[in-house]
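Dear colleague,

I am handing over the structure below, together with an account of what was found in it. Please read the notes with the coordinates open beside them.

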Amino acid sequence: MNHYEAVEQVPVDMPGAEGCSVRWLVGEKEGAPNFAMRQFEVAVGGHTPKHAHPYEHEVFVLEGQGTVLEGDMEHSLRSGDVVYVRPDEVHQFRNTGEVPLKFLCLVPNSALAKNVSVTPECGN
């Protein structure tokens, strides 16, 4: 057991990320054989890179508000919303609120060795 604030928060190091950090809460290092749980924090006005990858992930919004781009569709987000990102779907999370946007993101451990494709307009 661990409190999430005890886990190091590091900047997201991908082209197109702005004001975005991540905490790796649970994963292979903790002995989880199947899934990794990460907590992202996006600063006011910030965003994740616009990207795609060959694996799914599930997102649960903890705090704040923003938008999620799923393919060609943009949807509003707020605390309590759940998002399923399909494999190979271009997606991006943006903070449009006045406080940090915080969300949990779960991915299969098998995905960690797979490539992520950042779109040419990453972040626009």
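**Surface and overall make-up**

The protein exposes about 7,000 Å², of which carbon and sulfur atoms supply 52%; accessible areas here come from the Shrake-Rupley method with a 1.4 Å probe, and for residues only the protein chains shown count as cover. Please keep in mind that this is a predicted model, in which local features need pLDDT of at least 70 and side-chain atom pairs count only at pLDDT 80 or more, while totals for chains, interfaces and linings use all residues. Residues are numbered from 1 along each chain as its sequence is written, and side-chain values use heavy atoms, with hydrogens and water left out.

Of the 124 residues in the protein, 43% are buried, where buried means under 20% relative accessible area, exposed means over 50%, and partly exposed lies in between (1.4 Å probe, protein chains only). The protein has 11 strands and zero helices, these elements being DSSP runs numbered from the N terminus (helices H or I with at least four residues, strands E with at least two). Among contacts in the protein with a separation of 6 or more, 66% join residues 24 or more positions apart, a contact meaning heavy atoms within 4.5 Å.

**Nonpolar core and aromatic rings**

The largest nonpolar core has 18 residues, and those with the most contacts inside it are F40, V59, L77, V83, F93, F103 and C105; such a core is a set of buried Ala, Val, Leu, Ile, Met, Phe, Trp, Tyr and Cys residues joined through side-chain atoms within 4.5 Å. Strands β2 (18-26), β3, β5 (57-63), β8 (82-85) and β10 each supply at least two residues of this core, and the largest share, four residues, comes from β10. Leaving aside neighbours within four places in sequence, L77 is in contact with V61, G64, Q65, G66, T67, V68, V83 and F93.

The structure holds two aromatic pairs, for which rings of Phe, Tyr and Trp (its six-membered ring) must have centres within 6.5 Å, with planes under 30 degrees apart counted as stacked, over 60 as edge-to-face and the rest as tilted. F40 and F103 form a stacked pair, 5.3 Å centre to centre and with 15 degrees between the planes. Because F40 lies in strand β3 (residues 35-47) and F103 in strand β10 (residues 101-108), this pair ties together parts that are 63 residues apart in sequence. F40 is buried at a relative accessible area of 10%, and F103 is likewise buried, at 2%. F40, F93 and F103 form one aromatic cluster.

Elsewhere, the charged end of R38 sits over the ring of W24, 5.3 Å from its centre; the criterion is that NZ of Lys or CZ of Arg is within 6 Å of the ring centre and within 35 degrees of the ring normal.

How many salt bridges does a search of the whole structure find? The search finds two, a salt bridge being a side-chain nitrogen of Lys or Arg within 4 Å of a carboxyl oxygen of Asp or Glu. In one, K102 pairs with E41, the closest N and O atoms being 3.9 Å apart, and this links distant parts of the chain, with K102 in strand β10 and E41 in strand β3, 61 residues apart. In the other, K102 pairs with E63, with the closest N and O atoms 4.0 Å apart; since E63 lies in strand β5 and K102 in strand β10, the pair ties together parts that are 39 residues apart in sequence. K102 counts as buried at 14% relative accessibility, whereas E63 counts as partly exposed at 38%.

**Two loop positions**

D88 is found in the loop between β8 and β9 (91-95), where D88 is exposed with a relative accessible area of 55%. Although D88 is not a glycine, it has a positive phi of about 65 degrees; most residues other than glycine have a negative phi.

G27, in the loop between β2 and β3, counts as buried at 7% relative accessibility. Not counting residues up to four places away in sequence, G27 touches A32, F35, A36 and N109. The C-alpha atoms of G27 and M37, which are 10 residues apart along the chain, are separated by 6.5 Å.

With best regards
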